[in-house]
Amino acid sequence: MFFENKKLFIIFLLLVSGCGFSNLNKLTNYNNIYIETPDDKYNILFKNSLKKAFNINNYLETKYVLRSNISFSSSETLSVGGSDSLNSTFAIASYSLIESKSNKIISSGSIKTFPALSSSSSSIYSNDMSIQHIKERLSFSAAKGIYMRLNLILQKLN
């Protein structure tokens, strides 16, 4: 008797977990979004990060258009000891989600990422490469932030 109840309980858990996991893919697959960004290097990285986050494979039927742009701002700051100067870089990603049939703006706004610090060295090449890597990381971070914000809005719409 104990083994029969245990088997029924395991079968029940498998059925419940199977139904719960099948609904997870429906929430994170948005093949009906078209993403528009400018054609510079960091905006293309930003666009590809958004495609990966939204799990977009093709643009057969576009229901929404996501117009986005990323820009960077740098400033010099002092280190904790006060002897060296550091470069603080942050990204500002602006977006607007538009319904493609009616051109109605569903959501728009901007996201400012946390600043990333880079040290200044005597080599110009290492400074340029450091800033380039920071901008790539910040574009990935901004794409993740926009995905999290728009994921909530799209779940309410669907």
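These questions and answers look at a predicted model.

Residues are numbered from 1 along each chain as its sequence is written, and side-chain values use heavy atoms, without hydrogens and water. Local features need pLDDT of at least 70, side-chain atom pairs count only at pLDDT 80 or more, and totals for chains, interfaces and linings use all residues.

Reader: How many aromatic pairs are there?
Author: Rings of Phe, Tyr and Trp (its six-membered ring) pair if their centres lie within 6.5 Å. Planes under 30 degrees apart count as stacked, over 60 as edge-to-face and the rest as tilted. By this rule the count is two.

Reader: Which kind of pair do Tyr42 and Phe72 form?
Author: Their centres are 5.5 Å apart. The angle between the planes is 80 degrees, and the pair is edge-to-face.

Reader: Which parts does the pair of Tyr42 and Phe72 tie together?
Author: Helices (H or I, at least four residues) and strands (E, at least two) are DSSP runs, numbered from the N terminus. Tyr42 and Phe72 are 30 residues apart in sequence. Tyr42 lies in helix H2 (residues 41-54) and Phe72 in strand E2, so the parts tied together are helix H2 and strand E2.

Reader: Is Tyr42 buried or exposed?
Author: Buried means under 20% relative accessible area, exposed over 50%, and partly exposed in between (1.4 Å probe, protein chains only). Tyr42 has a relative accessible area of 17%, so Tyr42 is buried.

Reader: Why is the pair of Phe54 and Tyr147 edge-to-face?
Author: The ring centres are 5.0 Å apart. The pair is edge-to-face because the planes stand at 75 degrees.

Reader: Where in the chain do Phe54 and Tyr147 lie?
Author: This pair links distant parts of the chain, 93 residues apart. Phe54 is in helix H2, and Tyr147 is in helix H3 (residues 124-157).

Reader: Is Phe54 buried or exposed?
Author: Phe54 has 0% relative accessibility, so Phe54 counts as buried.

Reader: Which residue joins its side chain to Thr89 in a polar contact?
Author: Thr89 is in strand E3 (residues 85-99). A polar contact is a pair of N or O atoms within 3.5 Å; within protein, one must be able to donate a hydrogen and the other to accept it, and residues adjacent in sequence count only if both atoms are side-chain atoms. The contact here is 3.1 Å, and the partner of Thr89 is Ser74.

Reader: Is Leu78 buried or exposed?
Author: Leu78 lies in strand E2 (residues 64-78). The relative accessible area of Leu78 is 64%, so Leu78 is exposed.
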